[in-house]
Amino acid sequence: MTIACGLLPVLQPDEHDAEYELSDYEGARARWCPGCGDHSVLTAVQRLLTAEQLTPEQTVFVSGIGCSSRFPHYLKTYGFHGIHGRALPVATGVKLSRPDLTVFVVMGDGDCTSIGAAHWIHALRYNINMTVLLLDNGIYALTKKQTSPTTPQGFPSNTQPNGSRLPSLNPLTVSLGVTNASFVAQTAEWAPAHLYATLREAYHHRGLSFVRILQRCPVYSAAVYQAAVQDPARIALLTHDDGVVVPDLEKIYKTQVAHDPHDLDAARRIAESTDHIHLGVLFRDPSRPRYEDLLRVAPRTADERITLMEAELDRYAV
Ligand code: SF4
């Protein structure tokens with residue numbers, strides 16, 4: 001059985017073998033604005049969960065604060081709608097204490113690249129096995145249009161009405177500059193087939209996979225991606241057998257750049273380049289060490305964990 005995902009039919013498990021259907025992952029009705037790019041990301045994630053048949057009670061979505069951080073409410077998995085900028089330390093705790101769980105992290109640009117920036121850098125270095133999504137709309141949207149670190153220079157907001165003064169922070173160059181980062185990719189929510197294929201690559205990577213998703217906010221930052229949406233010539237697809245392969249998309253995005261995602265120097269050059277918006281896997285190295293492997297934490301039963309917790313509490317008994 002297949003379902004359509006943008007231009008590309010997405011393979012689904014045979015319906016007779018599938019234990020979980022799309023509806024098993026659908027939570028509350030999403031309350032994002034009409035036209036918000038978050039809807040597209042949610043759809044792609046739900047399709048990924050269905051295609052991979054992830055057990056809902058073994059899957060956790062951790063978020064911070066922001067429009068995109070409402071993600072856990074809209075999925076029928078476990079979720080933790082956390083505090084601003086702290087999604088990554090919460091997710092790190094979840095994964096280290098329960099390595100058997102599949103962990104996704106959803107953050108916005110203000111959440112991840114401002115108040116959460118230190119956690120972002122160290123999470124990349126720790127390289128714990130989880131999938132991290134940065135939904136980047138270039139603005140603080142939940143709080144109604146303040147300049148964020150990724151707001152383009154000159155773009156007006158309520159905090160800098162004459163335009164953002166500084167050049168914007170580039171999440172790709174930052175991520176690729178962090179020691180031990182093992183997977184960095186970029187996609188766009190208005191290219192759903194590419195989005196889905198990128199999420200699939202990120203999910204299958206062993207280590208922390210960081211995906212920057214260019215996400216439209218039609219209410220507060222519509223102009224940020226408008227030109228790229230309207231003019232496919234502004235987009236360049238990174239092509240490689242070990243990257244994101246969506247052949248039909250090449251009919252729309254005619255600029256393709258052959259790029260081996262194992263070449264870190266080339267990835268950094270692409271991340272810095274301003275001639276196009278590059279979509280694809282910039283870098284991957286599954287051989288990089290993962291913190292959980294170095295810790296060698298043996299899985300524990302629930303009873304063992306309770307016993308250890310009680311012993312720890314007994315140390316403080318008076
Ligand atoms: Fe989406 Fe912007 Fe509305 Fe937030 S304010 S839900 S980012 S469209």
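Me: Which strands does helix α6 lie across?
Reply: This is a predicted model. In it, helix α6 (residues 192-204) lies across β5, β6, β7, β8, β9 and β11.

Me: And what angle does α6 make with β7?
Reply: Helix α6 runs at about 165° to β7 (183-188).

Me: What does helix α8 touch?
Reply: Helix α8 (residues 264-272) packs on the sheet and touches β9 and β11. Its direction makes about 155° with that of β11.

Me: OK, the sheet itself. What is the strand order?
Reply: The order is β4-β3-β5-β6-β8-β7-β11-β9-β10. That is an open sheet of 9 strands, with mixed pairing.

Me: Which strands stand at the edges?
Reply: β4 (78-81) and β10 (256-258) do. Each has a single partner strand, so one side of each is left without a neighbour in the sheet.

Me: What does the twist average?
Reply: The twist averages 20° from one strand to the next.

Me: What holds paired strands together, in general?
Reply: Strands of a sheet pair through backbone hydrogen bonds, either parallel or antiparallel.

Me: Do β3 and β5 run parallel or antiparallel?
Reply: They run parallel. 5 bridges join β3 (residues 59-63) to β5 (residues 102-108).

Me: Which residue stands opposite V62?
Reply: V105 in β5 stands opposite V62.

Me: New topic. How many disulfides are there?
Reply: The structure holds 0 disulfides.

Me: Is C36 buried or exposed?
Reply: C36 has 11% relative accessibility. Buried means under 20%, so C36 counts as buried.

Me: And where does C67 fall?
Reply: C67 counts as partly exposed, because its relative accessibility is 24%.

Conventions: Residues numbered from 1 in each chain as written. Predicted model: local features only at pLDDT ≥ 70, side-chain atom pairs only at ≥ 80, totals over all residues. Heavy atoms only, no water. Pairing = 2+ DSSP bridges. Helix = DSSP H or I, 4+ residues; strand = E, 2+ residues; numbered from the N terminus. Axes fitted to C-alpha atoms, helices over the stretch in contact; angles between N-to-C directions. Contact = heavy atoms within 4.5 Å. Disulfide = S-S within 2.5 Å. Buried < 20%, exposed > 50% of the residue type's maximum accessible area, 1.4 Å probe, protein only.
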